[in-house]
Amino acid sequence: MTKSTFHKITDSHFTKLVLFLLFAFIPFVFAVNDVQLFIFWGINILLAQSINLLSGFAGQISLGHAAFYAIGAYTSGILMTNFGLSLVVTILVTALVNGLVGYLLSFPAGRVKEFYLAMMTLGFGFIIQEVAKEWSSVTGGVMGLSGIPSPQLGTFTFLGIPMGLAYYYWVVLIIVVFFLWMFKNFVQSYFGRSFLAVHRSELSAASIGISPQYVKQLAYTVSALMAGVAGALYAHLMGYIGSNSFGMMQSIEILVMGILGGFGTIIGPILGAGFLTFIPNKLQFIQEYQLMIYAFLLVVSFLIIPQGFAGVLNLRTSLYKNLKHKEKSPLPVHNVLAKREIIDSEANRSNQPILTTTNVIKDFSGLRALNGISIKLYRGEILGLIGPNGSGKSTLVNLISGIYPITSGKISFEDHDITNKQSHYIANRGIIRTFQDPHNVANMTVRENLLLGNHRLYQSGILSCTINFKRSLVEEQEMLVKVEQIMDLSELAHYADDQVGNLPYGIQRIVEVARAILAEPKILLLDEPAAGLSETELKLLIQLIRYVKSRGIPIVLIDHHMEFVASLVDRVFVLDSGEEIYSGDMKGMKQNKQVIEAYLGVAKHA
Amino acid sequence: MSSLEFALELIFTGLCVGAVYSLIAHGFNITFWTTKVVNFGHGPFIMFCSMLVLSFLLNGLPWIVSIPLGFFIIILLGFILERFSIRPLLKYPTSMGWIVSTLGVGLFLQALASKIWGAQALAFPPFIFKATDYVSIFGIQLSAQYLLVLVMALVIMLIMEVIINKTIWGKAMKAVAHDPNFARVMGIKSKMVMTLSFMISALLAGVAGILIAPIYGTITPEFGMNIMVLGFVASVLGGIGSSKGALFGGLMLGVIEKLVGGYISTSAEHGVAFLILIIILALKPDGIFGVKVVQKV
């Protein structure tokens, strides 16, 4: 069976319905013990997807995930034993409380990365367990909290009806299926893509208008919420919760489910959760050495199967919603840019500069990289930024795009002061840049990367994307059409479904430029786009740049390839050692003494 | 006992426990310098060494043999850790790989320890002094065992400082920390220095284990992970990568813990420590001495 037919079968509604019915029949077929295992699988799926969203998609490692699970379990347990609230209410309240905890944690956690974050989440896990252990008046301390209505003990009622394990299984099944459906919709929307962009690099995510701060807040909130619901389901299943169930080993188990299954996919964590639910239970030998085996899996999984089961089975989750059967009438290329932009180009004739830097100075701990640079950029022009290596060209672009704070001076854009504003804010205003080395998301396809460029144009809300409101689907299709058009223009169409990381360097550059164009910039900053391109790729790049210019969008172009620059720019600005040495047309530059000196050393070195 | 004496005693015990935290933080520093890796399995290394020594003692071996034997095995484990779970993962751009794999090695040791010695707490005998030996200084009764731990931890840190700053090995390590490729060009075997740093780090874990075990009185397979997180707190408090930071961070944490334990509640001791970890990371991840180190290294 080929990959595509496999996908066709797994994606069809019929298959899903059959699967759902098969799962719904489980209580009739299996013994009580096994039904309980299936319920555990469901709970573990929620946990695994919860850490998948946070670590697999958003790239924020979590070594204390059991803390969210614990908070969920205790919240619902306490609500039910002390206040006698029904399952629906406790789950909703638990989800809210956990979401809030996740949101609050995102503030300290959002400030740190990598192993600092690992330490922090480890500490967070320990704190919550300590609280559960020591706050005995509420949590029952080491004795635990018992007497939670449970279907196993026959003490569980739902809407007044006593419910056995089979009913509880169906409740869990429906909740899990519902969550998985929402999870899929979410990760296949521009939200999910922005998570992966932040995972790859916060810097490059911000450069196309994604706020890393916001992504992390969202990731922590939703992840905590899902783990909380899992905790609530667990509390009711067991009827008893003790602080020992939520220790570090539980956090590790959740992590193993995610890693082993395959982070960044939907099917992976489901398989990982299944593996860790059924295998230890069915094989006595494994149960005895369970901890050692988990630890061993942690050590080897990254070495042997870095993509987990999903990677081994080659099951990648695509990150956009494809409704192929719907309209696919390609609009003419010139409609790629929104009407707004075309109206903008009417204003081209005005003499007001769109971007002004005034006396910009940048010091790097005592070293002056830029000394009093004043540039005006006018609508519709291409400004070449030239200078020897280390002259401050990239630094200037980094200052304009908000990556470095400036030491003194002012940068304004369309009458707004954007000096020292956050990078994603500047990008969202319409200043889009590319980097010296391509900053695409390597494990996303070309099409998905290009969709990332559209990020700042999306307007659908989070709920709309998660529940698949029609408007959000229509919007996604519109964006896909735009992507399709730019792929035609930049000859990327036959790479559309290839992961960018596997493509040649030149293609990656073209993808990044195309992505920037899709962001519908008001100003485009290109930092050495021609470096490392082949002759044909260079032609393609020139074509793209001319296209942007034809839309009236001004460009700042940095490059060392003089012929390339000369063929495109209207004006050049030459920097040397952080100082402006020339500004004017190309012809004048070639005769300028200072420029010649800067490039060839002192004149007449013979 | 007067309130002043009580406070002084808390501070003293805090300093002693804190000195061990400092040793743990030093263990993190050494590998951090050479590879920017922090061993998330450091805790179980601490535990494993003390367990090994205890089991040698219980089998009738004298201290003088048990301790070197324990150290030898733990150094060997440090070597294995670097070879199999760090070196292959350093090529990845994110740290998730080595965090997870070092943690995995640690958990494996922890699980192995519960398999061999059981999950229950084992009594660890006092070292050199008896638990009841006291020294009186300025009218305060100081436990001789605690004092010994404090002095030994400080001496070891002093020796470390001398080795790193004065010997050729220390200089090689600094060179690798600064730029491994450049160090290699200059004829330093960067890879060997990296491996060595993990072996020394493991040795420091072992020393910390031997010193803390008599203070705790009993040891369990889990105590390593707990104390490792306290080592993180010490490390972050002072600033990762700073020797001065490790020393003061550890001592400060020890004193804070004991004061909280003495005046508020002993059950809040660790909770407060973990809270400090989160707050410091959120406010100043470089720690107190971190900034200076960045320029020095």
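Predicted model: local features only at pLDDT ≥ 70, side-chain atom pairs only at ≥ 80, totals over all residues.
Residues are numbered from 1 along each chain as its sequence is written, chains are lettered from A and ligands numbered from 1 in the order written, and side-chain values use heavy atoms, without hydrogens and water.

Four bridges join β7 (residues 382-386) to β13 (residues 571-576) of chain A, and the two run parallel; strands pair if DSSP finds at least two bridges between them. Both belong to an open, mixed sheet of six strands in chain A, ordered β10-β11-β12-β7-β13-β14. At its edges stand β10 (431-433) and β14 (579-584) of chain A, each with a single partner strand, so one side of each has no neighbour in the sheet.

Now look at the nonpolar cores: sets of buried Ala, Val, Leu, Ile, Met, Phe, Trp, Tyr and Cys residues joined through side-chain atoms within 4.5 Å, where buried means under 20% relative accessible area (1.4 Å probe, protein chains only). The largest has 270 residues, and those with the most contacts inside it include A:Phe115 and B:Phe40. Helix α4 (residues 32-57) of chain A gives the most to this core, with 15 residues. B:Phe40 touches residues of both chains, among them A:Leu63, A:Phe115 and B:Trp98, contact being heavy atoms within 4.5 Å.

Note on methods. Buried < 20%, exposed > 50% of the residue type's maximum accessible area, 1.4 Å probe, protein only. Lists of a residue's contacts leave out its neighbours within four places in sequence.
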